[in-house]
Amino acid sequence: MEFTIQYFGTHDRLLYLESIDVNELIEALDRARMIIRESHPDGDPQPVGYVILDNRGRQVARGYRRDG
């Protein structure tokens, strides 16, 4: 089964996405959490959230950065 991770910036702007296999799901979830936590250089879009969708487009997981 294939999954898609979509990373979003401010104002729900899609920054990038990646396709993963079911065997990579746990590692991809950990990576997605790490990506939204780490800081990015000025001028580089900062992901503030992610959504993981299954191959039918149904939401499997989501996460957002908490500031403060």
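## Overall layout

The secondary structure of this protein comes to one helix and four strands, where helices (H or I, at least four residues) and strands (E, at least two) are DSSP runs numbered from the N terminus. Read from the N terminus on, these elements run β-β-α-β-β.

The model is predicted, and for that reason local features need pLDDT of at least 70 and side-chain atom pairs count only at pLDDT 80 or more, while totals for chains, interfaces and linings use all residues. Residues are numbered from 1 along each chain as its sequence is written, and side-chain values use heavy atoms, with hydrogens and water left out.

The four strands form an open sheet in the order 2-1-3-4, with antiparallel pairing; two strands are taken to pair if DSSP finds at least two bridges between them. Strand 2 (14-21) and strand 4 (59-64) stand at the edges with a single partner strand each, so one side of each is left without a neighbour in the sheet. From one strand to the next, the twist averages 15°, the axes being lines fitted to C-alpha atoms, for helices over the stretch in contact, and the angles running from 0 to 180 degrees between N-to-C directions.

Strand 1 (residues 2-8) pairs with strand 3 (residues 49-54) in the antiparallel sense over six bridges, and here Gln 6 stands opposite Val 51 in strand 3. Strand 1 also pairs with strand 2 in the antiparallel sense, over seven bridges, with Phe 3 opposite Ile 20 in strand 2. Strands 1 and 2 form a hairpin with five residues between them, and His 11 in the turn has a positive phi of about 60°.

## The helix and the core

Helix 1 (residues 25-37) lies across strand 1, strand 2, strand 3 and strand 4, and runs at about 160° to strand 3. Leu 29, leaving aside its neighbours within four places in sequence, is in contact (heavy atoms within 4.5 Å) with Tyr 50 and Ile 52.

In soluble globular proteins, nonpolar side chains tend to be buried together. The largest nonpolar core has twelve residues in all, among them Phe 3, Tyr 7, Ile 20, Leu 29 and Ile 52; such a core is a set of buried Ala, Val, Leu, Ile, Met, Phe, Trp, Tyr and Cys residues joined through side-chain atoms within 4.5 Å. Strand 1, helix 1 and strand 3 are the elements that give two or more residues to this core, and helix 1 gives the most, with six residues. Of the 68 residues of the protein, 32% count as buried, a term that stands for under 20% relative accessible area, with exposed over 50% and partly exposed in between (1.4 Å probe, protein chains only).

## Tyr 7 and its surroundings

Tyr 7 is found in strand 1 and counts as buried because its relative accessibility is 0%. Leaving aside neighbours within four places in sequence, the contacts of Tyr 7 include Leu 14, Tyr 16, Ala 32, Ile 35 and Tyr 50.

A search of the whole structure finds one aromatic pair. Tyr 7 and Tyr 16 form this pair, which is tilted, at 4.7 Å centre to centre and 35° between the planes; rings of Phe, Tyr and Trp (its six-membered ring) pair if their centres lie within 6.5 Å, and planes under 30 degrees apart count as stacked, over 60 as edge-to-face and the rest as tilted. Tyr 16 counts as partly exposed, because its relative accessibility is 36%.
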